[in-house]
Amino acid sequence: METKALLEAFREACPGHSFDAHAMPVDETVIEVPAACLEDVVDALRSTFSVYHLSTITGQDRGTQLELLYHFWHGQGITLQVTLPREDPCVPTLTGAIPGADFYEREVGEMLGVTFEGHPGPQHLLLPEDWESEPPLRKQRPAEEGDT
Amino acid sequence: MTRITIPVGPQHPLLKEPLSVRLTAEGERVVEAAMRIGYVHRGIERLTEERSYVQNLHLLERVCGICSHVHTTTYCQGVEALLELDVPPRGLMLRTLLCELERIHSHLLWLGVLAENIGYTTIFMYSWRDREIVLDVMENLSGGRIAHAVNVIGGVRIDLEPEQVDAIRRRLDQLQEQVDDLRDVVEHESTLRARTKGVGGASLEQVRRHCAVGPLARAAGLDRDVRRDAPYAAYDRLSFEVVTEAGGDVWAATRVRVLEVFESLSLCHQILDNLPSGEVSTRAPRRVPEGEIVSRAEAPRGEVVYYIRSDGSDKPARIKIRTPTLPALSLVREQLRDINIADVPPVISGIDLCIACADR
Amino acid sequence: MLITLFVFPGFGFLVTCALLFEWIDRRTIARLQARVGPPWFQPLADLLKLLSKESVLPRQADRPICRALPVVALAAVLTAALYVPVGGRVIYAFEGDLIVVLFLLSLPALFYFLAGWVSGGVYSILGGSRSVLQYFSYEVPFLMALSAPAILTGSWSISEIITQQAEASWMIFVQPVGFLLAVVGLIGKLKRVPFDIPKAKSEVVGGPLTEFSGRKLALWRLGVHIQTVAGVFLLVNVFLGGGDLTLVQGSMPLGLARAVTFGVKALAMLLTLSVTSVLYARLRIDQLASLGWRVLAPLGLVQLAATILMGIS
């Protein structure tokens with residue numbers, strides 16, 4: 001799959017948005033996707049390019065904002081990068097098209113406090129049901145404490 | 001008919017690690033299955049952010065007991081790519097050797113667990129006895145039966161003398177004979193077939209939808225293996241077959257795993273016959289330049305994925321681990337609907353659980 | 001009289017045999033599985049250990065019945081064993097004692113189910129219902145197989161059957177199908193692999209006995225082992241000629257010769273049971289029911305029909 005072909009298809013699926021791509025080792029293409037376009041883009045990936053395999057969804061706290069990475073794989077790696085605000089982060093669920101995303105979304109949801117709209121059962125996956133504190137992967141510590 | 005709830009786990013003779021499956025049964029038929037994991041969640045991903053890259057090597061080895069080496073392999077090759085290090089060929093071959101030995105030991109362990117769970121204690125005893133051969137070889141190589149600590153960032157820390165190579169070859173030949181007998185049993189023994197054939201089938205479509213990987217997916221016909229499709233370590237220099245079956249039932253999964261043991265044995269022999277000379281590792285700097293990487297490997301249970309992001313210091317900014325048992329658990333929820341209670345042990349054993357991997 | 005009842009061949013002898021058989025069984029299975037196996041005193045040690053442990057029952061269990069069931073089951077098998085000749089010696093023998101023995105040996109299955117039913121808990125009830133289903137699958141062929149020799153010899157007394165085997169030939173040669181059915185039925189009765197379905201560890205944890213512990217469990221297990229002894233002895237008497245001396249000549253005193261012969265045959269029978277435990281995986285309950293009604297019961301009918309025809313001609 002050519003990166004250009006991917007970007008073309010994405011622009012068609014979700015007009016009015018721009019998509020940027022860059023490469024990542026090893027043999028991985030990262031494409032930035034706005035949250036609103038996620039479902040359309042994934043649909044395009046599945047129908048046009050037969051990309052079915054979602055390896056996982058990584059969630060991380062980049063300090064000023066949250067970042068979700070959807071790692072797909074089809075002969076090469078395709079990662080969709082979705083940026084979300086720290087306040088009330090919301091993104092549509094993929095469980096309709098890819099039931100396997102269920103566990104991954106639940107984990108990102110509990111670890112970063114992200115809401116996946118339309119998820120059939122967003123309970124905690126790994127954390128106990130009575131977990132009251134902050135989502136564990138959010139950066140809470142002040143930056144001056146000597147760590148990165 | 002009245003419905004009863006049968007708790008399978010967190011403590012249950014069927015499970016080696018805590019997992020909770022609540023089955024709702026009418027008579028001998030399961031109607032619903034509710035699953036809960038997280039009993040061994042140790043917060044490893046969060047812990048990696050507080051440790052240096054070298055310290056994380058020790059931590060990540062302990063994500064799982066059975067597939068410890070492949071975790072550090074995936075981690076090391078990710079960090080090595082970020083550092084743009086070239087691991088010497090001898091190091092890569094030794095790393096691959098241990099990967100394949102681990103695959104053999106994991107599949108034999110699984111065969112024993114499956115046999116025990118369907119009441120076939122004899123095969124459990126035989127396969128674990130054969131597994132001792134592999135564990136002895138790994139101990140000879142690395143000093144540890146389960147936690148090998150062989151990988152370092154930049155290569156491996158062990159090396160092989162020619163006498164060791166000969167000794168390992170002899171032991172692997174002995175193992176081959178014994179696993180041949182096991183394969184005979186798996187293919188022909190009637191009660192084993194009766195308990196596993198047609199039990200817990202998964203279609204290719206179901207496997208795709210749940211993004212399942214590994215022998216479980218290959219048993220349903222999905223032709224995917226990271227060693228062939230995205231070669232890492234020394235796999236681009238080695239040749240092997242990817243074993244697939246059709247039907248996705250427990251018997252197909254058993255066949256796939258037993259035949260994979262033979263492929264792994266062949267790979268081990270190829271490695272031992274073609275060990276290049278030279279160093280086994282290169283020096284790695286402590287600080288990793290900024291960057292991110294997705295590193296993949298084929299663990300005994302399937303594709304293991306590491307996303308590593310570094311920010312230029314000596315501690316990683318984020319490590320995300322996805323182990324193959326997680327999508328398998330997603331798939332098994334579907335396989336557990338509308339089956340006999342007596343079929344629950346083979347189905348749950350058939351996915352080769354590694355809850356420690358799934359929970360991290 | 002009392003010595004006969006309590007020592008030989010009564011309770012003392014039976015308990016010793018039960019422990020000895022358990023040891024032989026576990027050791028044989030271990031050796032066949034490439035293991036070492038327990039030492040000779042292990043069954044005794046297990047019994048004493050269990051007897052000394054605390055007995056805990058769930059809140060919803062019916063206490064008096066749970067306390068009574070192991071004792072009653074043990075009593076049933078001990079009484080059955082009293083009527084089974086050992087090497088030619090028997091405590092009571094009368095016309096019809098075969099029927100009494102078969103009846104008493106089938107009672108433990110009922111008590112096993114009851115134990116599951118009253119001790120509460122999901123695993124117990126599940127194991128109990130499976131044990132009833134299993135009971136119907138093996139008991140009918142077993143009874144048919146053991147009735148055929150009686151019909152052939154025209155007597156329902158075990159001692160009479162033994163005597164007639166000594167005159168003619170062992171039943172195993174005359175009715176091999178019956179013998180096979182009896183062995184399979186015995187494996188089902190004793191809930192050994194491949195028919196240990198009611199107590200399948202990976203499916204129902206402990207089956208009906210999941211909630212039993214301490215002294216109750218000790219008595220249950222002892223009852224199971226005595227049932228093994230009684231079953232093996234019964235089959236040796238009915239099919240292998242009991243203490244018949246057909247193969248033994250020599251200068252040993254008659255009583256000792258009979259005892260040795262009987263012992264050898266019993267050992268052979270026990271080893272057959274142990275080896276079959278090693279060879280197979282556990283069946284599913286529906287597979288057992290299918291086997292029982294599609295294969296075993298028809299074979300039993302064939303055997304009975306053949307016996308009746310032989311008797312007529």
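Read along the sequence, chain C of this predicted model follows the pattern α-α-α-α-α-α-α-α-α-α-α-α-α. The chain has 13 helices and 0 strands. Its radius of gyration is 19 Å, close to the 20 Å that the globule rule gives for 313 residues, so chain C is as compact as a globular protein of that length. Along the principal axes, the C-alpha atoms of chain C fill a box of roughly 60 × 45 × 40 Å.

Among the chains, 2 pairs touch, and the pair with the most contacts is that of chains A and B. Chain A and chain C are joined by no contact, and their closest C-alpha atoms lie 25 Å apart.

The contact between chains A and B takes 28 residues from chain A and 30 residues from chain B. On the side of chain A that touches chain B, the elements giving two or more residues are strand 3 (53-61), strand 4 (65-73), strand 5 (77-85) and helix 3 (101-112) of chain A. Strand 3 of chain A supplies the largest share of this side, 6 residues. Sorted by class, the side of chain A that touches chain B has 14 nonpolar, 11 polar and 3 charged residues.

The contact between chains B and C takes 24 residues from chain B and 21 residues from chain C. Two or more residues on the side of chain B that touches chain C are given by each of strand 1 (3-8), helix 5 (121-142), helix 7 (190-196) and helix 13 (344-350) of chain B. Of these elements, helix 5 of chain B gives the most to that side, with 5 residues. The class composition of the side of chain B that touches chain C is 14 nonpolar, 7 polar and 3 charged residues.

Strand 1 of chain B, which gives residues to the side that touches chain C, also belongs to a sheet. This open sheet of 3 strands has the order 1-2-3 (chain B), with antiparallel pairing. Strand 1 and strand 3 (29-36) of chain B stand at the edges with a single partner strand each, so one side of each is left without a neighbour in the sheet. On average, and with direction ignored, neighbouring strands of this sheet are turned by 20° against each other. In general, strands of a sheet pair through backbone hydrogen bonds, either parallel or antiparallel. The pairing of strand 1 of chain B with strand 2 (residues 20-26) of chain B is in the antiparallel sense and extends over 6 bridges. Within these strands, B:Ile4 stands opposite B:Ala25, the latter in strand 2 of chain B.

Helix 3 of chain B was examined for length and burial. At 1.5 Å a residue, the 16 residues of this helix (residues 68-83) should span 22 Å, and its end C-alpha atoms are 23 Å apart, which agrees. Of the 16 residues of helix 3 of chain B, 14 are buried, so the helix is largely enclosed by the rest of the structure. The residue that follows helix 3 of chain B is B:Glu84, with a positive phi near 55°.

Methods
Residues are numbered from 1 along each chain as its sequence is written. Chains are lettered from A and ligands numbered from 1 in the order in which they are written. This is a predicted model: local features need pLDDT of at least 70, side-chain atom pairs count only at pLDDT 80 or more; totals for chains, interfaces and linings use all residues. Two residues are in contact if their C-beta atoms, placed from the backbone, lie within 7 Å. Helices (H or I, at least four residues) and strands (E, at least two) are DSSP runs, numbered from the N terminus. Ala, Val, Leu, Ile, Met, Phe, Trp, Tyr, Cys and Pro count as nonpolar, Asp, Glu, Lys and Arg as charged, and the others, Gly among them, as polar. The radius of gyration is taken over C-alpha atoms; the globule rule is 2.2 Å times the number of residues to the power 0.38. The expected span of a helix is 1.5 Å times one less than its number of residues. A residue is buried if 20 or more other C-beta atoms lie within 10 Å of its own, exposed if 12 or fewer, and partly exposed in between; C-beta atoms are placed from the backbone. Two strands pair if DSSP finds at least two bridges between them. Axes are lines fitted to C-alpha atoms, for helices over the stretch in contact, and angles run from 0 to 180 degrees between N-to-C directions.
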